[in-house]
Amino acid sequence: MYAGTHRNILICAGGTNFPGKPMLEGGVKTWTDRVFTLEPGSPAWREAGVLPSPYAYGASASLEDGLLCIGGCDQKGHRRDVYLLGVSDGTLIVSAFPSLPVALAYTAAAVLFFIIKPPWAGYLQ
């Protein structure tokens, strides 16, 4: 799942689960493209839209312009995609960013002085 904030609105996007029965009981993992938001003072989550594809296990970083969703994976493998998720008047806005040079999942990212610095950045040439 990608998670973070944009304009004080909490955004949770994508992810996986085992809706039928637990994994240890033979449950089947499902991947979701659904995006939910929670506004300050609101008692309930709102389904705001969908990702371009069902993704999970990527890095996310909250920026002034939105939530940056970096890499991740789907049922077929690791992804190079990068998207910026924003919210304007309750509407989800998905903007494509340049792709990663390599496909990555199960990683992290941080914002330092408004520069995205994933921990693996020094290793990519």
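Arginine 79 is partly exposed, as its relative accessible area is 21%. In this predicted model, arginine 79 forms a salt bridge with aspartate 74, with 2.6 Å between the closest N and O atoms. A salt bridge also joins arginine 79 to aspartate 81, and here the closest N and O atoms are 3.2 Å apart.

The structure holds three salt bridges. One of them pairs glutamate 47 with arginine 34, the closest N and O atoms being 2.9 Å apart. Glutamate 47 belongs to strand 6 (residues 46-50) and arginine 34 to strand 5, so this pair ties together parts that are 13 residues apart in sequence. Glutamate 47 is partly exposed at 40% relative accessibility, and arginine 34 is partly exposed at 38%.

Arg34 is also among the residues that line the largest pocket, as are Met1, Cys12, Trp31, Phe36 and Trp45. The volume of this pocket is about 180 Å³. Its lining comprises five nonpolar, six polar and one charged residue. Strand 3 (16-17), strand 4 (30-31) and strand 5 (34-38) each supply at least two lining residues.

The largest nonpolar core has 14 residues, of which Tyr2, Ile11, Ala13, Val35, Leu51, Leu67 and Leu85 touch the most other members. Strand 2 (9-13), strand 8 (66-70) and strand 11 (82-88) each give two or more residues to this core. A second, separate core of seven residues includes Leu68, Ile70, Leu84 and Leu104. Beyond its neighbours within four places in sequence, leucine 85 contacts residues including Ile11, Leu51, Cys69 and Val94.

Conventions. Residues numbered from 1 in each chain as written. Predicted model: local features only at pLDDT ≥ 70, side-chain atom pairs only at ≥ 80, totals over all residues. Heavy atoms only, no water. 1 Å grid on protein atoms, 1.4 Å probe; cavity = no way out; pocket = protein on both sides within 12 Å on 5 of 7 lines; lining within 4 Å. Points joined across faces, edges and corners; volume = space filled by probe spheres on them. Helix = DSSP H or I, 4+ residues; strand = E, 2+ residues; numbered from the N terminus. Nonpolar A, V, L, I, M, F, W, Y, C, P; charged D, E, K, R; others polar. Core = buried A, V, L, I, M, F, W, Y, C linked by side-chain atoms within 4.5 Å. Buried < 20%, exposed > 50% of the residue type's maximum accessible area, 1.4 Å probe, protein only. Contact = heavy atoms within 4.5 Å. Salt bridge = Lys/Arg side-chain N within 4 Å of Asp/Glu carboxyl O.
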